[in-house]
Structure formats: structure tokens, C-alpha cells
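The sequence and the structure are shown first.

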Amino acid sequence: MERPFIFINSAMSADGKISTKERKQVRISGNIDFKRMDQLRAGADAIMVGIGTVMADDPSLTVKSPELKKQRLEAGLDENPARVIVDSKARTPVDADIFKKGEGKRIILVSESAPHDKVAELKKKADVIITGKESVDLPAAMGQLRENGIKRLMVEGGATLNWGMISNGLVDEIYTFVGNLIIGGKTAPTFVDGEGSTEDNIIKMELLDAEKIEEGILLKWKVTGK
Ligand SMILES: NC(=O)C1=CN([C@@H]2O[C@H](COP(=O)(O)OP(=O)(O)OC[C@H]3O[C@@H](n4cnc5c(N)ncnc54)[C@H](O)[C@@H]3O)[C@@H](O)[C@H]2O)C=CC1
Ligand SMILES: Nc1nc(O)c(N)c(N[C@@H]2O[C@H](COP(=O)(O)O)[C@@H](O)[C@H]2O)n1
């Protein structure tokens, strides 16, 4: 099944953490990197996060720059790309910022095990795509997003979804901004958590670019496979 071009953009500390052990969002990127992230958002057809990120950060995932929003409107697009949540059990709060802020489509990916009454509530606010029995079948869901016209998908984490996407061979490129912070803590989320690889199953990448930005470094990777 055809799928979108998929890339992950993430900001991590020098020790690979993407938030604190309390799962509190940390400002890792500086202003220049946030602008770069905004440009990536504006150039995508959809932005996707896991339910863990929605519960922890309550992000809006909107395009912030008025100029970029104007350019999207002039191109005949919605002001914001579609916002997608991977949410097997339909736990997305109906008052999440993703619903309250900005124009544009919302898509919730749920599994067959999601409670029917909550799915019905979410359907009033978003398109709901059902795949997988207990948890979302990510390859099938990516195929359905492509069928819904999404050709370029930006994934913004978190750690568990990043593993799900990468381990299923669903990620083409990865952009990681490594900031000048050490967060520490063995339970603090890292860029990729989940089950992890075994020695013969490690995921390989090719370095496309490395650029110093303010006090950090932006690394661009192409995922080449196992
Ligand atoms: N610094 C950064 O760039 C970012 C940091 N974060 C941080 O990441 C943390 C959240 O990460 P996590 O707790 O790992 O949550 P997550 O955002 O990765 O969501 C994980 C959830 O996605 C759902 N899911 C459904 N089907 C799945 C599948 N097939 N594979 C994988 N996941 C599936 C599961 O319910 C799972 O618990 C927060 O602390 C947040 O602040 C999040 C995004 C960006
Ligand atoms: N690129 C980047 N740098 C950081 O330092 C960050 N903390 C994040 N966090 C991501 O941005 C989301 C919030 O987006 P809104 O401002 O609500 O639109 C947050 O959930 C993380 O995905 N990213």
C-alpha cells in the first residue's frame, strides 16, 4: 500500500532526552530552530503525534508564522496542515488544544478496542480512522492517510510513537536538533523508546547534513533500514 513521505522532527538534550522524568515539556530549541520547525509544519500535509504527547504537552500543532499561514491560504490550502493523533484507546480529551486552536482538519487514528461512545464523541470533532485490534496498525494507518491525500507527513513524537514508526520501516528521514542541555534521569523519555532493537535488528541511517544552530546542532538523517 502506498504511504506518504514521512519524516520525524525532534529536539533532544545532549544526553538524548526529549522531556523530563515528569514528562514536562522542555524548551530545547532556540528561536531559529523553532522557526525551522514552523517551516517544516507549514510545508507538510499533516503533523502527527502520539497520545502520550497530547496528554503531556497538550500541543496545538499549529503553524505559528502569520506569513507562512498566509502562503498556505494563497496556495489554496488550509491555514494549518491536518493534525493527526495516534490514539489506540480514543483517550484524546475533547477539549484538547488541537481542537480549540487554529483552522484545519483533525484526524484521530484509533484501534478496534477504542470505546465506541468515546469514538462517537471524537467523530464530532475529527475524522476517525480505525485500524488494528488492540493498538493502531501503523502501516495500515499510513496507507489510509495517503488515500486521504496526505503525501508529506511530519511526525513530532513522542518517544513511543517514534519507535513504532521507525521499527515498522515507516520513516524516510529524521531531523534531530541536539540542544545544549543535560536533562538526565533513566525514566525521562529519549528520542526513541519503545521495545528497542536486538543486535541483529538495529536500524541504520545515512547522515545527510550537520549544521550548528545557535548553541545546538541540527542533524539530518536518511533512514536506510535494518
Ligand atoms: N522534544 C521534542 O521534540 C518532543 C518531546 N515530546 C515528549 O515526549 C513525551 C511523550 O512521549 P510518549 O510518552 O512516549 O508518548 P507518545 O507521544 O509517543 O505516544 C505514545 C502512545 O501512542 C499510542 N500508540 C498507538 N498505537 C501505537 C503504535 N502502533 N505504536 C506506538 N504507539 C502507539 C500508544 O497509546 C502509546 O502509548 C512527552 O514527555 C513529550 O513532552 C513529544 C514530542 C516532541
Ligand atoms: N522542535 C521542538 N523543540 C522543542 O524545544 C520542543 N519542546 C518541541 N516540542 C514539540 O512541540 C509541541 C508543541 O507545539 P505547539 O507549540 O503547541 O504547537 C510539543 O508537543 C512537542 O511536539 N519541539
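Helices (H or I, at least four residues) and strands (E, at least two) are DSSP runs, numbered from the N terminus. Leu61 lies in the loop between helix 2 and helix 3, and has a positive phi of about 60° although it is not a glycine.

This is a predicted model, in which local features need pLDDT of at least 70 and side-chain atom pairs count only at pLDDT 80 or more, while totals for chains, interfaces and linings use all residues. Residues are numbered from 1 along each chain as its sequence is written, chains are lettered from A and ligands numbered from 1 in the order in which they are written, and side-chain values use heavy atoms, with hydrogens and water left out.

An unreviewed UniProt entry carries the annotation "domain: Bacterial bifunctional deaminase-reductase C-terminal" for residues 4-219. UniProt positions are given in the numbering used here, feature names are shortened, and annotations may be inferred rather than shown by experiment. The span of residues 4-219 is 27% helix and 24% strand, and its end C-alpha atoms lie 22 Å apart.

**Ligand 1**

Ligand 1 is surrounded by 22 residues, of which Ser19, Thr53, Glu156, Thr160 and Leu161 are the closest; a residue is near a molecule or strand if one of its heavy atoms lies within 4 Å of it. By class, the shell around ligand 1 has nine nonpolar, ten polar and three charged residues. Here Ala, Val, Leu, Ile, Met, Phe, Trp, Tyr, Cys and Pro count as nonpolar, Asp, Glu, Lys and Arg as charged, and the others, Gly among them, as polar.

Ligand 1 sits in the largest pocket. The elements that give two or more residues to the shell around ligand 1 are strand 1, helix 2 and helix 7 (159-167). Helix 2 contributes the largest share of that shell, five residues.

**Ligand 2**

Ligand 2 also sits in the largest pocket. On a 1 Å grid over the protein atoms alone, a pocket is an open set of points where a 1.4 Å probe fits, with protein on both sides within 12 Å along at least five of seven lines. A molecule sits in a pocket if more than half of its atoms lie within 2 Å of its grid points.

Around ligand 2 there are 18 residues, and Ile28, Ser29, Arg41, Ser60 and Lys64 come nearest. The shell around ligand 2 has seven nonpolar, six polar and five charged residues. Strand 1 (5-12), helix 1 (31-42) and helix 2 (51-57) each supply at least two residues of this shell, and helix 1 gives the most, with three residues.

**Polar contacts of the ligands**

A polar contact is a pair of N or O atoms within 3.5 Å; within protein, one must be able to donate a hydrogen and the other to accept it, and residues adjacent in sequence count only if both atoms are side-chain atoms.

| Ligand atom | Protein atom | Distance |
|---|---|---|
| Ligand 1, nitrogen | Ala11, polar backbone atom | 2.8 Å |
| Ligand 1, oxygen | Asp57, side-chain N or O atom | 2.8 Å |
| Ligand 1, oxygen | Thr160, side-chain N or O atom | 2.5 Å |
| Ligand 2, nitrogen | Gln25, side-chain N or O atom | 3.4 Å |
| Ligand 2, oxygen | Ile28, polar backbone atom | 2.7 Å |
| Ligand 2, oxygen | Lys64, polar side-chain atom | 2.6 Å |

**Other local features**

A cis peptide bond joins Gly157 and Gly158, with omega about 0°. Gly158 is found in the loop between strand 6 (152-155) and helix 7.

At the start of helix 3 (residues 66-74), a side-chain oxygen of Ser65 comes within 3.2 Å of the backbone nitrogen of Glu67.

How values were computed
On a 1 Å grid over the protein atoms alone, a cavity is a set of points where a 1.4 Å probe fits but cannot get out, and a pocket is an open set with protein on both sides within 12 Å along at least five of seven lines; lining residues have an atom within 4 Å of a point.
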